[in-house]
Amino acid sequence: MLIAPCLKDDRLNISDLTQIPLISALPLECRQQLSRFLIQRRIPAYQSLVLEGDPAEACFFIQSGTFRVLRTNQDGKVQVLSRLSTGAPINIISLLIPERVNRASVEALTPASVLALNSKDFDSLLASCPEFSTALLRHFAMRISHMTDLAADLSLLSVRTRLARFLIDLADSPNSICDWTQDEIAAQIGTVRDVVGRTLRDFETQGLISRDHQQFVLLDRSGLVREASLNPK
Amino acid sequence: MTQKALPIINFDRCDRCGACVTGCPEQALTMTKAGPVFIQPVNCTYCTACEGFCPTGAIRAPIKVRWALEN
Ligand code: SF4
Ligand code: SF4
């Protein structure tokens with residue numbers, strides 16, 4: 001499989017860092033140091049940026065575009081774990097674990113641009129810029145808190161409720177630049193692909209949505225909002 | 001005439017196992033040396049089953065979601 005070729009290598013300007021929350025809040029000195037290390041890479045759609053199991057050589061910050069995170073399960077089947085978009089960091093955990101191997105593959109779904117930070121520079125930043133370490137801790141604290149909320153949703157809300165919420169949010173956000181697959185929706189709402197497919201068919205039978213080839217049309221806003229606000233499993 | 005959307009096949013990920021070809025209920029796909037290709041694209045109903053059969057994540061069948069006009 002191909003690893004994304006570097007279409008353009010550029011040293012950066014400090015102003016290029018504003019759309020990355022983890023970096024933009026750092027003190028100027030730290031950002032200046034980072035901007036000397038970061039290299040911009042353009043990734044074509046459907047190219048892999050990181051391969052699961054390879055030595056972890058870098059982490060990345062998404063400047064633009066959408067990626068999906070994939071992992072091979074015990075049966076050898078590739079599973080979608082999540083999607084990532086502008087501002088999100090990629091592969092930081094792989095640089096922090098002692099084995100330093102990529103824990104998952106990451107593939108661009110759209111043409112994308114990332115800022116690459118190689119492992120040596122990552123280590124030197126951790127050692128020299130305590131604010132960078134604090135920003136990482138904060139990032140992971142937010143991730144854990146998000147996962148706790150998701151776990152609460154999983155135990156309190158049915159798949160129907162979670163899917164109805166997802167569909168409403170997606171249809172209400174005109175800026176979504178990349179369409180979702182049923183695997184990706186399943187990863188996002190904490191279920192499996194078959195259940196997403198079955199629930200979409202149930203919604204269709206009930207007249208809440210209709211399907212026209214690739215398009216799912218939401219027909220009944222109040223019915224979907226009702227589904228989205230139901231709590232009992 | 002606008003062309004119907006088809007699932008996207010990423011040949012870099014495909015290991016040519018043929019699961020999508022044999023699993024497609026509409027016989028829309030055939031296997032070539034390069035990987036599966038659409039031999040009968042008009043047959044494809046966009047059921048997305050091939051995406052589910054694919055063990056390597058090489059097929060993506062993204063869906064579009066929008067409100068009906070009156071909403
Ligand atoms: S979407 Fe369905 S009909 Fe189309 S190629 Fe895949 S399995 Fe066949
Ligand atoms: S199922 Fe996936 S890996 Fe197998 S031939 Fe089809 S596209 Fe390739």
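Modeller: A salt bridge is taken here as a side-chain nitrogen of Lys or Arg within 4 Å of a carboxyl oxygen of Asp or Glu. The model is a predicted one, and in it A:Glu184 and A:Arg83 form such a pair, with their closest N and O atoms 2.8 Å apart. Between domain 1 of chain A and domain 2 of chain A the count is 2 salt bridges, and 3 residue pairs are in polar contact. On the side of domain 1 of chain A that touches domain 2 of chain A, strand 6 (residues 78-84) gives the most, with 4 residues. By class, that side of domain 1 of chain A has 3 nonpolar, 4 polar and 2 charged residues.

Domain 1 of chain A brings 9 residues to the contact, and domain 2 of chain A brings 7 residues. The area buried between the two domains of chain A is about 650 Å², and carbon and sulfur atoms give 62% of this area. A:Val80, A:Arg83 and A:Thr110 supply 70% of what domain 1 of chain A buries against domain 2 of chain A, more than any other three residues.

The sulfur atoms of A:Cys30 and A:Cys129 are 1.9 Å apart, and the link is left-handed, with -110° about the S-S bond.

Turning to the partner chain, 39 residues of chain A and 29 residues of chain B take part in the contact. The area buried between chain A and chain B is about 3100 Å², with 51% given by carbon and sulfur atoms. In chain A, the residues that lose the most area to chain B are A:Tyr46, A:His213 and A:Gln214, together 23% of what that side buries. Across this interface of chain A and chain B there are 4 salt bridges; B:Arg13 forms a salt bridge with A:Glu107, the closest N and O atoms being 2.4 Å apart. The interface of chain A and chain B also has 25 residue pairs in polar contact. Helix 6 of chain A gives the most to the side of chain A that touches chain B, with 5 residues.

Notes:
Residues numbered from 1 in each chain as written. Chains lettered and ligands numbered in written order. Predicted model: local features only at pLDDT ≥ 70, side-chain atom pairs only at ≥ 80, totals over all residues. Heavy atoms only, no water. Contact = heavy atoms within 4.5 Å. Buried area = accessible area lost by both parts, 1.4 Å probe. Polar contact = N/O pair within 3.5 Å; in protein donor to acceptor, adjacent residues only side chain to side chain. Helix = DSSP H or I, 4+ residues; strand = E, 2+ residues; numbered from the N terminus. Nonpolar A, V, L, I, M, F, W, Y, C, P; charged D, E, K, R; others polar. Disulfide = S-S within 2.5 Å.
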